Amino acid sequence: MLKVDNVFAKAGEKEILKGLSLTVKPGEVHAIMGPNGSGKSTFGNLLAGMPYVTPQSGSVEYMGKDLLSLEPAERAAEGVFLAFQYPVEIPGVNNMYFLRTALNAQRKYRGEEPMDSAQFLRMVKQKIKDLNMRDDLLKRPVNVGFSGGEKKRNEVFQMGVLEPKLAILDETDSGLDIDALKIVADGVNHLRSPDRSFIIITHYQRLLDYIKPDYVHVLADGKIAKTGDKSLAFELEEQGYGWLNK
Amino acid sequence: MQVVEENKVVKDRAKQVYKEGFVTDIEAFTIPPGLDEDTIRLISSKKDEPAWLLDYRLDAFRKWQKMPTPNWAKLKIPEIDFQAISYYSSPHAANANAPKSLDEVDPKLLETYDKLGVPLHERERLAGVAVDAVFDSVSVGTTFKAELEKVGVIFSSFSEAVHDHPELIQKYLGTVVPAQDNYFAALNAAVFSDGSFVYIPKGVRCPMELSTYFRINAINTGQFERTLIVAEDGASVSYLEGCTAPMRDENQLHAAVVELIAMDDAKIKYSTVQNWYPGDEDGKGGIYNFVTKRGNCQGKNSKISWTQVETGSAITWKYPSCILRGDNSSGEFYSVALTNNHQQADTGTKMIHLGKNTKSTVISKGISVGKSQNAYRGLVRVAKKADNARNFTQCDSLLIGKSCAAHTFPYTESANMTAKLEHEATTSKISEDQLNYCLQRGITEEDAISLIVDGFCKQVFKELPMEFAVEAKALLDISLEGAIG
Ligand SMILES: Nc1ncnc2c1ncn2[C@@H]1O[C@H](COP(=O)(O)OP(=O)(O)OP(=O)(O)O)[C@@H](O)[C@H]1O
Ligand SMILES: [Mg+2]
C-alpha cells in the first residue's frame, strides 16, 4: 500500500524529515506518536502533497505509483485522505455542497459518473447512521463556527463519505470530550477494512484503547526512532520521550 | 497588415473568456459622430418627441456644457473625446416609433437575443420573466406586455412610454436624478435614446419578474439609456437588467440613468447583472460604464433594494443610492464587483436618511484578480430630523493574486444624535489553507477558487432572483478563468 523510503523533506525553509522510512500494508493501522515539533504533521502533509512541505530526497510509493509526482487533488482521488490537525473554515460554502463537489471531483478523476443531489443525499443519510453521527453540521458552512470537537467530527464524517484507501488522521483525538472521542473512534473502526489503511497521529494512548493499532511508531528528530506494538504507547505515556534518547 | 493579425489573435484569445463578444451584422441608421444642439434635435425628431422633451434635453445639454469633467478619484481614465462618439444608432428593422409586434422584428435581432440566452419569441421566452430588449439606441421589443396590462402594469420601452403615457413621464422624469446632478447624468439627459419604463399601480404586486436586456452592437456608439420605475402605494416589483457588448478594441461609453420612486408601503427590488465587455487581458478595449442610479423612498414604509453583480466593463463607476425620505422606509445595497486583468471598478452606494426610523443595509463584496483595481466608496448621511436612523455596512474584499488592489472608503455624516451606524470591513486573500483544504479533498484548483469565491458572495447571491443567481455564479466562474497561476 505505502512504502516510504529514506525521505528527507523541508517544512518551509527548515529541514524536518531526515531519513524517514515506513511501510504500511493494506488493512493495517499505524499509530505515530512523538514530541511536539518532531515532524508528525509534516509527514502527513508530505503524503497529502501540501505545498509547504518540499521533499528533498527519498521516495514514496503508494499503490504502485510514485506518490510524490502526483498533484494534491490527484492523490486525494487516488484515495489519500488527510484529516487535518487544524481544519479550515470556508465561509458561505455549505458543508454538504462542499462534500458533494469533492466526491464528484474524485469520481470524475476515476472516470465514474457524478452523483446527483438525490443520490448523494441518500448516501449521506446512510453514512450518518453508520457512523453514528448527527446531521446538524451538514447544513452549515464548512467548519465555520464549529467547536474544536465538531471540526474533528466533521473530518471523520468527510472521511466516511469519501471512502479513502489510505487515511491519515492528524491528532483527530485532540480536544475531544470522551463521547466525541468514542464517536471518532467508532467512525474509524467502522471504516476499517482489509484494503483500507490508517496512519493515526496522536499524543494519547487513550485513543488506542478504542482503535487498536497494529504498530506504534515514535517519530523523533525527523525519523522513526522506535517501533513497537500497543505497549509502546503505554511506556511513552508513563515515561515521556526522554528515555528514547538514551 | 500586422496590426490586423495581432488584433485577431488578441480577440481569439479573449473570446474564450467573453462569449457574448460577437457582432450582429445588421443594417443600421447611425447618426454621424459629434455632439451639438443639432445632434440633440435630430435624436428627438427621430423619436418624434413632444416639444417639452426636446426642451428638457436642450436644457440638460446646456448645463452639461458648463460642467467640468469629473474628478476620477481612484480611477485612471484616458480623456474621452465626446465628439468622436455617435449618439444614436438604430437597427433599420426596429423603427423607433412603429408599434412593435415581435413578429415584425428582424430575425437577425431575434437571433442575437437567442444567442445571448434571452429568447424573445413567444414559444421560447423565459417563463415568468417579461423582457424589454434594447439594442443600441432602441428597444426592439417587449414580451408579455398584454398580460401585464391586464393587471394595470405598464412595462414598455421609454420611447413608447413618452407617446403612450406622456403625463407619467413628464411628472417623474428627472425628479430623482436631476439633469444637473453630475456630468454623466447631464449628458444622459441630453442624449438618452431608450430604456425601460415601469409603472405599478396602487396595491398591485407585479405578477412576474421584469427585465431589460441591454446590448451595445454598433461601433463607436455610446449607449445612453434611461430607466424609470414608479411603484404606487402598496405596489411591489422586482426588476432585473442584464448587459453585454461585442468585443472591440475601442473603448465604448455607456452612461445610463436609473430613477426609482416608491410611494407608501411600496417595494422595488432592482437587480443588475452587468457583463459589458471588459477589454482584453492587456487592457485594450472595453466599455466605460458610468451610471447614475438612485431610488427615492418617497412614501412611508417604502423599501428599495439594489442588488448588483458587476463583472464586466473596463471601468465601472456607479453608486446606486437610496433617498430614505418616508418615515420607516428602508434601503438596501447588495453588491458583488469582480475585476480582472486591467479592469477598474469604483462602486458603492449612498444612503441618505431623511425620514424617521429609516434603515439601511449595505453588503459589498469586492473581488480583485490580476492587475485590477477595486474600490468601494460609500456614504451614509443622516439628516437632522431623521431620528433613530440605522445603518449597517459590511465591506469585504477578496484578493486573488499579488498585483491587484482593493480600497474601501466609507464616509458617514450624521446630524442626529440618535443615529446608529455600524461598519465592518475585511480584506482577505484566498487563503492557501482554504485552497489546500479543497485540493486535499480532490477538488481542482480552479473549482476550489470558484467554490471559495461563491461562498464569499453568498450573502449577495441569495438576494438575486433564483434564475439570475445561477447566471451570476456562472458569470463569476467565467471571469475568474485564468485567475490562478
Ligand atoms: N510551513 C512551515 N514553515 C516553517 N516551519 C514549519 C512549517 N511547518 C512546520 N514547520 C516547523 O516544522 C517543525 C515540525 O512541525 P510539525 O507540525 O510537523 O510538528 P508535529 O510533530 O506535528 O508537532 P505537534 O505535535 O505540535 O503537532 C516545527 O518546528 C514547525 O515549526
Ligand atoms: Mg502536528
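**Exercise 1.** In which helix of chain B is the place of B:Glu432? Then decide whether B:Glu432 is buried or exposed.

*Solution.* The model is predicted. Start with the position: B:Glu432 lies in helix α9 of chain B. Next, take its relative accessible area, 56%. Exposed means over 50%. B:Glu432 is therefore exposed, at 56%.

**Exercise 2.** Find the residues that make up the patch of negative charge on the surface, and trace the helices behind it.

*Solution.* List the members. Chain A supplies A:Glu71. From chain B come B:Glu432, B:Asp433, B:Glu445, B:Glu446 and B:Asp447. Now turn to the helices. In chain B, α9 covers 432-440 and α10 covers 445-461. Each gives the patch at least two residues. Which helix gives the largest share? That is α10(B), with three residues.

**Exercise 3.** Describe chain B as a whole.

*Solution.* Count the elements: 11 helices and 23 strands. Check burial: 61% of the 485 residues count as buried. Look at contacts between residues at least 6 apart in sequence: 84% join residues at least 24 apart. Finish with the surface: chain B exposes about 18900 Å², and carbon and sulfur atoms supply 51% of that area.

Definitions and conventions. Residues are numbered from 1 along each chain as its sequence is written. Chains are lettered from A and ligands numbered from 1 in the order in which they are written. This is a predicted model: local features need pLDDT of at least 70, side-chain atom pairs count only at pLDDT 80 or more; totals for chains, interfaces and linings use all residues. Side-chain values use heavy atoms; hydrogens and water are left out. Patches are made of residues with over 30% relative accessible area and no salt bridge: like charges are joined within 9 Å, nonpolar side chains (Val, Leu, Ile, Met, Phe, Trp, Tyr) within 5 Å. Accessible areas come from the Shrake-Rupley method with a 1.4 Å probe; for residues, only the protein chains shown count as cover. A salt bridge is a side-chain nitrogen of Lys or Arg within 4 Å of a carboxyl oxygen of Asp or Glu. Lys and Arg count as positive and Asp and Glu as negative; His and the chain ends are not counted. The place of a charge is taken as NZ of Lys, CZ of Arg, CG of Asp or CD of Glu. Helices (H or I, at least four residues) and strands (E, at least two) are DSSP runs, numbered from the N terminus. Buried means under 20% relative accessible area, exposed over 50%, partly exposed in between (1.4 Å probe, protein chains only). Contact means heavy atoms within 4.5 Å.
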